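Trainee: I would like a close look at one part of this model, with its surroundings and then the rest of the chain as context.

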Amino acid sequence: MDLEVWGCPVCLARISPGNDGVVCTREGRRFPLLNGLPVLLRPEDTSLLEDSERYSAAWIRETWTPSKTDLVRLPYIPHGQWRQKARSLKVLLRLLGPPKGRIVADMGAGTGWLSHRLSEAGFRCFATDLSTDLVVGLGAAEVFSGTSGEFERAVASLERWPFQNGTIDVAVCNASLHYLADIGPALREAARVLRPGGEFVAMNDPVQRDRRSAERAAKEFSHHLRDQGGSGKLLDGHRHFVALDLEGELSEVFANVRRHDPDYGLWFRATRAAKGILLRMELASFPIYTATRTR
């Protein structure tokens, strides 16, 4: 582990290796390993581990869940949702510019496919998630070990980032913010860990302009995953963002908030438009938001 970057999730001090885990250098707290990964959670957040297990079990049943052989190819596999993510990755790399060894925190990283691709491009990536599942969680990222896209991993919550102050150049929430009922703590944590001038990125979250459509879509998706066996805080907080609300919350914490709408292709636009007419609602878009820490 890079001990200059990772930090104690309670007091934010440095950590050091310990027996079967890591130790806070300031107050001596011990953080265990789970499936080989350090669990950098505050005591009040440990209940989220059970939620993530149930959520992962439900998510595995989805048709778009990649197979183990597909993991190393993500997001470049022939599935509609992953084609959209491949295009968003292309735009993200353009927006970030030359990597220059910059440090990226990938929060709510799932399998870590984004960290893998950013590491390949030359960034130094640190991925966190609540799940260590071998199919949809950070456990699956073992497939990237020993490759040019390898990265560091730890179990952590979006509401408390396990990094020391001002150690991160780019903070990314990739399809993860919309599982929080209140994104304020996550945004403030992003601002805390970023260096002055650092960038925050929110991407692949569902965003709609019509509030009723956003509420309806979120409710239908939550019901679907509950039918698959999901439960707990992750589903309780799930929502589709209303664009004005999300942009307002980002602007309270960051400067230079900008929305970027990748071109997801004619087929994506046409099928979304047709489905929206059929369902009589606005379907979600998947913009990329970038913002800057000013001080």
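Where is the place of arginine 61?

Mentor: Arginine 61 is in the loop between helix α1 (48-59) and helix α2 (80-96), where helices (H or I, at least four residues) and strands (E, at least two) are DSSP runs numbered from the N terminus. The model is predicted, so to speak of a local feature takes a pLDDT of at least 70, and side-chain atom pairs count only at pLDDT 80 or more, while totals for chains, interfaces and linings use all residues. Residues are numbered from 1 along each chain as its sequence is written, and side-chain values use heavy atoms, with hydrogens and water left out.

Leucine 225 is 164 residues from arginine 61 in sequence, but the two C-alpha atoms are 9.3 Å apart. This part of the model can be set beside the whole chain: residues 24 or more positions apart account for 71% of the contacts in the protein with a separation of 6 or more.

Four strands form it as an open sheet in the order β1-β2-β3-β4, with antiparallel pairing; strands pair if DSSP finds at least two bridges between them. Its edge strands, each pairing on one side only, are β1 (15-18) and β4.

Take the pairs in order. Antiparallel β1 and β2 are joined by four bridges, and isoleucine 15 stands opposite cysteine 24 in β2. Strand β2 (residues 21-24) then runs antiparallel to strand β3 (residues 30-34), with three bridges between them. In that pair, valine 22 faces phenylalanine 31 in β3 as its opposite residue. The hairpin of β2 and β3 has five residues between the strands, and in it glycine 28 takes a positive phi near 75°. Two bridges hold the antiparallel pairing of β3 with strand β4 (residues 37-38). Two residues lie between the strands in the hairpin of β3 and β4, where asparagine 35 has a positive phi near 50°.

Leucine 34 stands opposite leucine 37 in β4. Leucine 37, a residue of strand β4, has a relative accessible area of 5% and is therefore buried; the term means under 20%, against over 50% for exposed and partly exposed in between (1.4 Å probe, protein chains only). Apart from neighbours within four places in sequence, leucine 37 is in contact with Pro32, Thr132, Leu138, Arg153 and Val155. Threonine 128, 91 residues from leucine 37 along the chain, has its C-alpha atom 9.9 Å from that of leucine 37.

As for the whole chain, the secondary structure comes to eight helices and 13 strands. Buried residues make up 56% of the 295 residues. Along the principal axes, the C-alpha atoms fill a box of roughly 60 × 40 × 35 Å.

Methods
Contact = heavy atoms within 4.5 Å.
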